[in-house]
Protein chains: 2
Amino acid sequence: MTTTPGEFELIARMRERWGPLAEGIGDDAAVLTAPRGEQIVVSVDACHEGVHFERAWLSLREIGYRAVTAALSDLAAMAASPRGVLLAIALPPAGSRDLMEIADGVGDAVRAAQTVVIGGNLSAAATLSITTTAVGSAFSPLTRSGARPGNLLYVTGALGGPGAAVDAFKRGDTMSAAVRERFAKPTARIAEARWLAARGVVAAIDVSDGLRQDALHLAAASHVGLAIDWTLVPTIDGLDADRASLSGEEYELLVASPVPLPEAEFAARFGVPLTRIGRLTERPNADSSRVVAPRGHDHFSR
Amino acid sequence: MTTTPGEFELIARMRERWGPLAEGIGDDAAVLTAPRGEQIVVSVDACHEGVHFERAWLSLREIGYRAVTAALSDLAAMAASPRGVLLAIALPPAGSRDLMEIADGVGDAVRAAQTVVIGGNLSAAATLSITTTAVGSAFSPLTRSGARPGNLLYVTGALGGPGAAVDAFKRGDTMSAAVRERFAKPTARIAEARWLAARGVVAAIDVSDGLRQDALHLAAASHVGLAIDWTLVPTIDGLDADRASLSGEEYELLVASPVPLPEAEFAARFGVPLTRIGRLTERPNADSSRVVAPRGHDHFSR
């Protein structure tokens, strides 16, 4: 008689698959120590089938990779170094083979961020979902609220890919390899964020809801206004800059700095552009409502 | 024109409802500092509608309370003090009113554990789920693996309630108020665990899969055997001890101690019994397979 593998066997199989990428799993909770003097930074991010992704769009390995990378991107926004991730995976019945592919994607993501899986939770559910808790530490975490009027605004990378990919998937259109890659294989800008923080950046947010929306979040938290030239927003594949600024799930960084940042040095070091797109102003509401229409990515309006 | 409240408005409403029970929400990640010398303890626990609960069984407020308490119970098992919880809530369309009731239950749970909500994630999904990340700290976390042969085994509380409640719900039977309460309003044994750790306990696990199953987990992690007299397992409402030892989601503690524990003092202090049910032996597999049938709560066999 063959039986469906149980919860504990599936967890054991994932651990085997992860090898040294999993650490200290097996207790009721994960234990970790922050480097002396550093603060703990924790974020949680959920990816639900039918809401954040469709199986027809991505491989399960890519789905696992993206879920973990999205959570790690929140640590990047705080200029934190990851110390480990915990995964809460909900799996439809008979999904044990799917789980191993997801686990491989999780492994890709933690390896890319030089971190490990330290715990989690596996349960049955009607639809697949992956909820990742990312735990990191930072001596002086960046926040959204650290910006001041006059600060310069920079964005990493070239935007528009994820938005264009989702549009194309929905319409059943083809897309360039570069656009698909930006959706399927985003990078959590962890090393980039720490480098930028060391060069004067005082506030940051990761671009998950769309640059326009996230710029508003940063401005609101810092009680400042925005003066952004949206035509300067760098895009991939010649995409329209205006549309690119509405593209969510980019996992690039929007940062504010009181001093000019070394754009060429950044590009040479990390292989992606760092682009100045504007500055912050005194008047919060007037400027932000004038320059930015409050549109963007909202899970309840998608 | 009325529109469905968006993600950000719903989060704002929850924060308003929580008041001082929410702290520092608004950045990409939560920031916290552990007391000097303490380790960080992190656990994640998921509650899915149709798997972990049915709306017909409990109020949404009770569902929110239980979800958070389950995660906090993992911190109790490590003798950690909670520093905050992060909530990933997935909500079916038009569930914004449900969300506020869930938020009230979350508030009840963090208040009971003297902690706060420090972050989270809200997304749409086909079914309701609440995934809680509990972050705590401990100078010397208890683990499952700290037990040695000869240690005495104790369990807190009186078991059987949640199992009997689920059985009654499934059959459409009535149940006593005490049985329902044990299911709907469990307690994370946080203060109890720290008190026990200070009195010599060397290993612990919370009873989430059923005492039999969880005793096996502890024994396996510590490489010891079990000698438990299952007739000694304390039950509520005259429930059968054997059945009570299969009841999951109890959130009581099973602890191992090299020294006898002050049972009467514990009962007087915390209002629940502490009961010695057996001891740990040298031979791992022989004993555990003889004494314990590997049954219990498994999400994939429920």
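Two residues are in contact when heavy atoms of theirs lie within 4.5 Å. Keep that cut-off at hand for the exercises below, which use a predicted model.

**Exercise 1. Contacts of a core residue**

Find which residues A:Val117 touches, leaving out residues up to four places away in sequence. Then place A:Val117 in the largest nonpolar core.

*Solution.*
- Step 1: Apply the cut-off around A:Val117. The partners are A:Trp18, A:Leu21, A:Ala22, A:Glu23, A:Ile25, A:Val85, A:Leu87, A:Val106 and A:Val110.
- Step 2: Turn to the largest nonpolar core, which has 68 residues; A:Val117, together with A:Trp18 and A:Leu72, touches the most other members.
- Step 3: Ask where its members come from. Helix 2 of chain A (residues 60–77) gives the largest share of this core, ten residues.
- Step 4: Look beyond this core. Another one, of 67 residues, lies apart from it and includes B:Ile130 and B:Tyr154.

**Exercise 2. Buried or exposed?**

Locate A:Ala264 and decide whether this residue is buried or exposed.

*Solution.*
- Step 1: A:Ala264 belongs to helix 9 of chain A, which covers residues 263–270.
- Step 2: Its relative accessible area is 63%. Exposed means over 50%, so A:Ala264 is exposed.
- Step 3: For its setting, take A:Thr275, eleven residues away in sequence: the C-alpha atoms are 9.5 Å apart.

**Exercise 3. The largest cavity**

Count the cavities of 30 Å³ or more, then describe the lining of the largest cavity by class.

*Solution.*
- Step 1: The count is two.
- Step 2: The largest cavity has a volume of about 60 Å³.
- Step 3: Its lining includes A:His48, A:Thr127, B:His48 and B:Thr127.
- Step 4: Sorted by class, the lining has six polar, five nonpolar and no charged residues.

Note on methods:
Residues are numbered from 1 along each chain as its sequence is written. Chains are lettered from A and ligands numbered from 1 in the order in which they are written. This is a predicted model: local features need pLDDT of at least 70, side-chain atom pairs count only at pLDDT 80 or more; totals for chains, interfaces and linings use all residues. Side-chain values use heavy atoms; hydrogens and water are left out. Helices (H or I, at least four residues) and strands (E, at least two) are DSSP runs, numbered from the N terminus. Buried means under 20% relative accessible area, exposed over 50%, partly exposed in between (1.4 Å probe, protein chains only). A nonpolar core is a set of buried Ala, Val, Leu, Ile, Met, Phe, Trp, Tyr and Cys residues joined through side-chain atoms within 4.5 Å. On a 1 Å grid over the protein atoms alone, a cavity is a set of points where a 1.4 Å probe fits but cannot get out, and a pocket is an open set with protein on both sides within 12 Å along at least five of seven lines; lining residues have an atom within 4 Å of a point. Grid points are joined across faces, edges and corners, and a volume is the space filled by probe spheres set on the points. Ala, Val, Leu, Ile, Met, Phe, Trp, Tyr, Cys and Pro count as nonpolar, Asp, Glu, Lys and Arg as charged, and the others, Gly among them, as polar.
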